[in-house]
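Visitor: I would like to learn how to read a few features of a structure. Can you take me through them one by one?

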Amino acid sequence: MKIVMVGQGAFGRKHLDGLKNIGDVEVASLVGGSKDSTAAVAKQYGIPHATTDLAEALALPGIDAAILTSPTQVHAAQAEQVMKAGKHVEIEIPIADSLADAKRIGAVQKATGKIAMAGHTRRFNPSHLWVANRIKKGELRVQQLVVQTYFFRRKNINLEGKPRSWTDHLLWHHACHTVDLFHYVTGEVPSVVHAVQGPPHPELKIAMDMSIHMRTPSGAVCSLSLSFNNDGPQGTFFRYICDNGTYIARYDDLFDGKENKIDLSGVAVSMNGIELQDREFVAAIRDNR
């Protein structure tokens, strides 16, 4: 299977690292926003073709699909371009920064019949998979999911501290992960939702602090705190308070409420959530589902 990777930044490289472990998959082209950095990353990963033109990459012989890790503002246009070129597409979250563009992606998917996958990595992190599997077996029930999403981003920079060409957002990017995860692990749509945000940053023009609360019809509660002002450990940390134990998820690692690490070696074929996400995309294409 030949795949085009769109985006040469930090998250694009995370996908490239995961794809290396999936059999019979080749990244045939890397599409980036900068000619020099795209060529450098392509050389680093042994990718035979590098370009700043998505159409050029999609026109290569035998291309099956594309994975978009480009800036959010171009996701909808690129996803439409990929599907209309007859290729399947995986779109890193957020799939768009407006409801209209998200609906546009859905409409093009229905019109073309191509597979379109949203990159909800939390569904594939072994830590969350372990909890979700026990819930499905009836061994656990979530009473409260407490989530902290904290970064220190008073300038327009990425995870590596480099300048970004787009402005990140707590709501449509980071909160979206947790909202989807809460839907996924409870199997319910929240019936009560409250949200508040702090004042916008004078230069970035986005709220730097936010709080979201949800409750499902059965009574499960989610408390989500988000900040770009936190000068401390960065990332998203999840505490599952359940009827049968408390569990703390930190990316692909899981601990009980007393900080004892839980063995996740039997949960999936990999300990890398992004690799597992890409495996699902590849499997969906192969299974035509």
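Guide: Start with a loop. Pro94 sits in the loop between strand S5 (88-92) and H5. Keep in mind that this is a predicted model.

Visitor: Is the peptide bond from Ile93 to Pro94 cis or trans?

Guide: Most peptide bonds are trans, and most residues other than glycine have a negative phi. The bond from Ile93 to Pro94 is cis, with omega near -5°.

Visitor: Which residues have a positive phi without being glycine?

Guide: Glu259 is one of them, with phi of about 70°. Glu259 lies in the loop between strand S13 (253-256) and helix H8 (273-287). Its relative accessible area is 41%, so Glu259 is partly exposed. Asn288 also has a positive phi, near 55°. Asn288 lies in the segment after H8. At 67% relative accessibility, Asn288 is exposed.

Visitor: What is the volume of the second largest pocket?

Guide: Rolling a probe the size of a water molecule over the atoms shows where empty space is left. The second largest pocket has a volume of about 190 Å³. It is lined by 13 residues, and Pro94 is among the closest to its centre, with Ile95, Ala96, Ala102 and Cys176. H7 gives the largest share of the lining, three residues. By class, the lining has 10 nonpolar, two polar and one charged residues.

Visitor: How do the axes of H6 and H7 cross?

Guide: Two packed helices are described by the angle between their axes and the distance between the axes. The axes of H6 (residues 126-136) and H7 cross at roughly 30° and come within 9 Å. H6 and H7 are therefore roughly parallel. Residues of H6 including Leu129 and Ile135 meet Leu181, Tyr184 and Val185 in H7.

Technical notes
Residues are numbered from 1 along each chain as its sequence is written. This is a predicted model: local features need pLDDT of at least 70, side-chain atom pairs count only at pLDDT 80 or more; totals for chains, interfaces and linings use all residues. Side-chain values use heavy atoms; hydrogens and water are left out. On a 1 Å grid over the protein atoms alone, a cavity is a set of points where a 1.4 Å probe fits but cannot get out, and a pocket is an open set with protein on both sides within 12 Å along at least five of seven lines; lining residues have an atom within 4 Å of a point. Grid points are joined across faces, edges and corners, and a volume is the space filled by probe spheres set on the points. Helices (H or I, at least four residues) and strands (E, at least two) are DSSP runs, numbered from the N terminus. Ala, Val, Leu, Ile, Met, Phe, Trp, Tyr, Cys and Pro count as nonpolar, Asp, Glu, Lys and Arg as charged, and the others, Gly among them, as polar. Axes are lines fitted to C-alpha atoms, for helices over the stretch in contact, and angles run from 0 to 180 degrees between N-to-C directions. Angles under 35 degrees count as roughly parallel, over 145 as roughly antiparallel, 65 to 115 as roughly perpendicular and the rest as oblique. Contact means heavy atoms within 4.5 Å. Buried means under 20% relative accessible area, exposed over 50%, partly exposed in between (1.4 Å probe, protein chains only).
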